Amino acid sequence: MKFKTKDFTKTEISKSLDIYNFFIENSFSNFEEKKLSKSKFNLLLKNNIKNKLPFILAIEDSEVIGLAFVNKFREKSGYRFSYEHSIYVDPNFINNGYGNKILKELVKICKKITKIKNLIAVIGGKNNYASIKIHKNNGFQYIGTIKKAGFKKNKWVDSIYMQKRL
């Protein structure tokens with residue numbers, strides 16, 4: 001597996017959007033309720049580039065099998081050193097260790113960016129054991145749970161918070 005951090009093709013962006021939208025539609029790991037359009041996804045990518053924040057694609061045999069990116073944790077200035085990250089793996093490749101490899105690469109990249117001092121994982125659903133496990137295996141510590149933080153598909157969903165100091 002290799003990682004790509006820039007010069008994405010239209011096909012790679014389209015595949016990344018498909019993966020992202022799969023988790024909007026089929027899980028509680030993303031609290032969006034409606035699929036993202038191409039233009040909104042491109043805006044997310046452009047904002048990451050403009051703010052010099054990581055956006056990476058995991059590539060296997062020329063196919064995008066996962067993506068990860070970092071955003072501000074909160075907009076208030078006092079949070080300026082804390083960033084939230086997101087990781088998504090193509091559902092056809094889940095449970096093969098790819099999420100762990102993508103997270104390792106993301107942490108490695110974030111450590112080189114001096115403004116990022118904290119990485120915060122906001123994990124949707126207390127039953128998202130795989131995400132909790134890969135974060136724990138990569139040095140993230142459990143911080144707490146916000147009960148019923150999100151509401152999706154007529155169901156209340158908890159948010160698990162984990163943190164890694166860089």
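Predicted model: local features only at pLDDT ≥ 70, side-chain atom pairs only at ≥ 80, totals over all residues.
A residue counts as buried when its relative accessible area is under 20%, as exposed when that area is over 50%, and as partly exposed in between. Phe93 has a relative accessible area of 27%, so Phe93 is partly exposed. Tyr98 has a relative accessible area of 14%, so Tyr98 is buried.

The rings of Phe93 and Tyr98 form an aromatic pair. Their centres are 5.8 Å apart, and the angle between the planes is 80 degrees. Planes over 60 degrees apart count as edge-to-face, so this pair is edge-to-face.

The structure holds 12 aromatic pairs. Another of them joins Phe55 and Phe69, with 5.4 Å from centre to centre and 10 degrees between the planes. Planes under 30 degrees apart count as stacked, so the pair of Phe55 and Phe69 is stacked. Phe55 belongs to strand β2 (residues 55-60) and Phe69 to strand β3; they are 14 residues apart, and the pair links distant parts of the chain. Both of these residues are buried. Phe55 and Phe69 also belong to one aromatic cluster, together with Phe8, Tyr20, Phe22, Phe23, Phe41 and Tyr88. A ring can also have a charged residue over its face: Arg74 lies over the face of Phe73, at 4.2 Å from the ring centre.

Next come the pockets. Rolling a probe the size of a water molecule over the atoms shows where empty space is left. The largest pocket holds about 1,100 Å³ of space. Its lining consists of 40 residues, and those nearest the centre of the pocket are Ser29, Asn30, Ser86, Ile87 and Tyr88. Tyr88 is also a member of the aromatic cluster. Several helices and strands each supply at least two residues of the lining, namely α1 (10-26), α2 (38-50), α3 (98-111) and α4 (129-137) among the helices, and β3 (63-72), β4 (82-89) and β5 (118-124) among the strands. By residue class, the lining has 17 nonpolar, 17 polar and six charged residues.

The second largest pocket has a volume of about 270 Å³. Its lining includes Ser27, Phe28 and Ser29, the run from Gly124 to Asn128, and the run from Lys155 to Asp158. Strand β7 (residues 155-165) gives the largest share of this lining, four residues. Three residues of the lining are nonpolar, six are polar and three are charged. Ser29 is found in the lining of this pocket and is also one of the residues nearest the centre of the largest pocket.

Helix α1, which contributes to the lining of the largest pocket, contains Ser16. Ser16 has a relative accessibility of 1% and therefore counts as buried. Its side chain reaches the backbone oxygen of Glu12 at 2.8 Å.

The last stop is the backbone. Most residues other than glycine have a negative phi. Ser62 has a positive value, near 65 degrees. Ser62 is in the loop between β2 and β3, and its relative accessible area is 69%, so Ser62 is exposed. Lys153 has a positive phi as well, near 55 degrees. Lys153 is located in the loop between β6 (141-152) and β7, and because its relative accessibility is 45%, Lys153 counts as partly exposed.

Key:
Residues numbered from 1 in each chain as written. Heavy atoms only, no water. 1 Å grid on protein atoms, 1.4 Å probe; cavity = no way out; pocket = protein on both sides within 12 Å on 5 of 7 lines; lining within 4 Å. Points joined across faces, edges and corners; volume = space filled by probe spheres on them. Nonpolar A, V, L, I, M, F, W, Y, C, P; charged D, E, K, R; others polar. Phe/Tyr/Trp six-rings, centres within 6.5 Å; stacked < 30°, edge-to-face > 60°. Buried < 20%, exposed > 50% of the residue type's maximum accessible area, 1.4 Å probe, protein only. Lys NZ or Arg CZ within 6 Å of the ring centre and 35° of its normal. Polar contact = N/O pair within 3.5 Å; in protein donor to acceptor, adjacent residues only side chain to side chain.
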